[in-house]
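This briefing covers parts of one protein structure for a first-time reader. Please look through the sequence and the model before reading on.

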Amino acid sequence: MSMLASLDVVVTDVVTVNSLIKRFHFARADGSPLPAFSGGAHIVIEMQDGDTIRRTPYSLMSSPLNTQDYQVSIRRDDEGRGGSLFMHNKVTKGMSMKIGYPANLFSLDKRAPKHLMFAGGIGITPFLAQIHQLIKTNGNFELHYSARNEELGAYSEELKQLLGHRLHVYYDDQDQRIDFDALLSSQPTGTHVYVCGPAPMIEHVIQRSAAHGWPDAHVHFEHFAKAPPGEAFTVELQTSNKKIEVGENQSMLEAMEAAGVDAPYLCRGGACGQCETNVLECDGNLQHEDHWLEDDERASGKKVMPCVSRFKGSRLVLDR
Ligand code: FES
């Protein structure tokens, strides 16, 4: 996807779910159906915030069976880069917006005889869409959902009604913890595991799955990194013949877009590989923040993921 591929939508509802989370509903501006998607897909929401265009990925939580109403739930992040605050403070019912086409980096493996799901906090959202799909297809699954407390355990009551014994909820303030080792060591052969939530939880599940001998192909995770702030720097784009400034709170990808360079992306979180760019010259240090490049690719200094990574040094030339 490039920045040119987007859908015109209208915000049809904004619902306050709890003190930190709001749910946003979107319909296509012309009333026609939105593109079909599968559970685990995300969309990139484009936000015109003054002179700045923000583009932030959010998982679709609504049923993939309903293409009239896309829904996302967004947790307000007061320390974040501004996307969630824009959505919480400025987006109202009836507003026109642009969103990207759905892309799925966290899809269910339909061959799996069972799906074991771990959600932490707002990481519940992709599972909500997947569950609609699994119920429709009689899929075998169980969901383990941990939240800081009952108030922040968004959708747990609805999920209890819908899932019964297939749902297990854990609240930190009640000292309830998911026993990952017990669950990962007692699944039927061929089960796939899925995790979405805070980075330490994702790392823990990946590490414990490996320790219990799970094949990598059976372990699925969704981890969008955030582009960190840092010192401003200059990048030369050879193909576009431009020299651009990347601001302290801007990613290289955002700086390219602001300069009118059509740079590819899907996740904007260092996870999909779509924005991978060749480094032609580098006099300084690339600060890799992605989950995509292999260690040897980073060490070579020949590749960078502009959606999240930064640079410190005197000269950086990219093949873009
Ligand atoms: S856009 Fe997905 S890794 Fe950069």
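In what order do the 5 strands of the open sheet lie? The order is β14-β13-β17-β15-β16, with mixed pairing. This is a predicted model, in which local features need pLDDT of at least 70, side-chain atom pairs count only at pLDDT 80 or more, and totals for chains, interfaces and linings use all residues. Residues are numbered from 1 along each chain as its sequence is written.

**Terms for strands and helices**
- Helices (H or I, at least four residues) and strands (E, at least two) are DSSP runs, numbered from the N terminus.
- Two strands pair if DSSP finds at least two bridges between them.

**The open sheet**
- β14 (242–246) and β16 (303–304) are the edge strands, each pairing on one side only.
- β13 (residues 233–237) is joined to β14 by 5 bridges, and the two run antiparallel.
- Valine 235 stands opposite isoleucine 244 in β14.

- In β8 (residues 115–120), 6 of the 6 residues are buried, so the strand is largely enclosed by the rest of the structure.
- A residue counts as buried if 20 or more other C-beta atoms, placed from the backbone, lie within 10 Å of its own.
- His115, Met117 and Ala119 cover one side of β8, and Leu116, Phe118 and Gly120 the other; all are buried.

**Partners of β8**
- β8 runs parallel to β11 (residues 192–196), joined by 5 bridges.
- Alanine 119 stands opposite cysteine 196 in β11.
- β8 also pairs with β9 (residues 141–147) in the parallel sense, over 6 bridges.
- Tyrosine 145 is the bridge partner of alanine 119 in β9.

Technical notes:
Buried ≥ 20, exposed ≤ 12 C-beta atoms within 10 Å, placed from the backbone.
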